[in-house]
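Please examine the sequence and the structure shown below before reading on.

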Amino acid sequence: MDAQTTSVLNRIIRRIPNKNIEDLLKKWNCLSADQLRALDYTRPKWVIVEHVISFCEENRLNMKHITNLEMIYHIENPDRGTWHACQLAEAQDDAVCVELTQFKEQFKAHLHGVIRHISIKLKKHEDEAIWIRIAWGDNFNKPNHLKPTYVVHHLHTSYVFISNLTAKHKIYLCQALVIATKHGSIKDGHLSTKSLTAMRDLLLRRYQQVFPNAHSRILQDRNTVSSHPCIGKEHGDHEEMRRQMSCEAFGLGPSPKLETAVYRLETRYRGTGDHSLGDREEFFRGVVRFSSSGLLDSLRHCVASGIAEGPVTPLLSAITQRGRNYFVITDKGPGVSSQASAQTAPSQQTL
């Protein structure tokens, strides 16, 4: 094996906990049963790496086999790295008829047509997701397998999930996706997280949603607390109202594990006490970031428990309703301006 192949293999094995190495190598199915039994998974990681490399050299494995191991690792560990969502738009009439073979052929044909040296590997997972690994090169340099881009797409959905994509290669990937899926364009989804699972659960609605009902609207429209002969029932009505509103906004049961929500402020001063501030033409700019290991669960608890006053502000409910965790707040309300999109945080500049 050449130096780059050895480096990729070394990096993969070092990422895997010792207790999981055996199962991953078995799924890889490139080492014999005797070689697997010869490995001592209690030894230090560098010893295991050396033995695996020696077995791979003995079996004459190449980069194609090693990248397959890397894809298995990423599929088994989807919540590593930083993922960004993009949304396909302007679907053609026959977009719903695209099959895996057709997608694969057109996707590869486009990228091979614009970049001379590029490595593309596609694998369909059990959940119908298409996993794509791209090692980018150019017309003069061979693909760099140490910095691959990963793409995940469920056919016949409008969402694409991307990790480790540089601005230099973004246009090529977007063109290939638009052509292969038979859409007219693709746009930034303004949703990023370290958990691909959370991102897919949110956008594909893989969580228990609660929809408004007439009773909840009657309770929500009460602006004042009316007198009631039974104080306990009155409190119960308000608790029910808070629970209903919290579940409508953030779902019932376990919610997608988003960790952050970012609001970029571009507003003008609206107070009446300071005319010097009110006459300023430029925006007041700032960033508000909410962080939690389970942000949606935390927000739902705040509303249901009465810590946050209801009804839920659209600034927070938009996380689930619009499938975003990055917003720009202007005088016109929450949105994503074109200017702000060009000035987003580093995570938005490199997908």
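This is a predicted model: local features need pLDDT of at least 70, side-chain atom pairs count only at pLDDT 80 or more; totals for chains, interfaces and linings use all residues.

**Helix H2**

Helix H2 covers residues 18–28, and its buried residues include Ile21, Leu24, Leu25 and Trp28. Viewed down the axis of H2, the buried residues fall within an arc of 100 degrees, so they line one face of the helix. Among the elements that cover these buried residues are helix H1 (3–15), helix H3 (33–38), helix H4 (45–58) and helix H5 (63–76).

**Aromatic pairs**

A pair of aromatic rings is described by the distance of the centres and the angle of the planes. The structure holds five aromatic pairs. Two of these are set out in the table.

| Pair | Centre to centre | Angle between planes | Arrangement |
|---|---|---|---|
| Phe103 and Phe107 | 5.7 Å | 15 degrees | stacked |
| Trp131 and Tyr150 | 6.5 Å | 70 degrees | edge-to-face |

Phe103 and Phe107 both belong to helix H6 (residues 100–114), where they are four residues apart, about one turn of the helix. Phe103 counts as buried because its relative accessibility is 0%. Phe107 also has 0% relative accessibility and therefore counts as buried.

Trp131 lies in strand S3 (residues 129–136) and Tyr150 in strand S4 (residues 149–154), so this pair ties together parts that are 19 residues apart in sequence. Both Trp131 and Tyr150 are buried. Together with Trp83, Trp131 and Tyr150 form one aromatic cluster.

Definitions and conventions:
Residues are numbered from 1 along each chain as its sequence is written. Side-chain values use heavy atoms; hydrogens and water are left out. Rings of Phe, Tyr and Trp (its six-membered ring) pair if their centres lie within 6.5 Å; planes under 30 degrees apart count as stacked, over 60 as edge-to-face and the rest as tilted. Helices (H or I, at least four residues) and strands (E, at least two) are DSSP runs, numbered from the N terminus. Buried means under 20% relative accessible area, exposed over 50%, partly exposed in between (1.4 Å probe, protein chains only). The arc is that of the directions from the helix axis to the C-beta atoms. Contact means heavy atoms within 4.5 Å.
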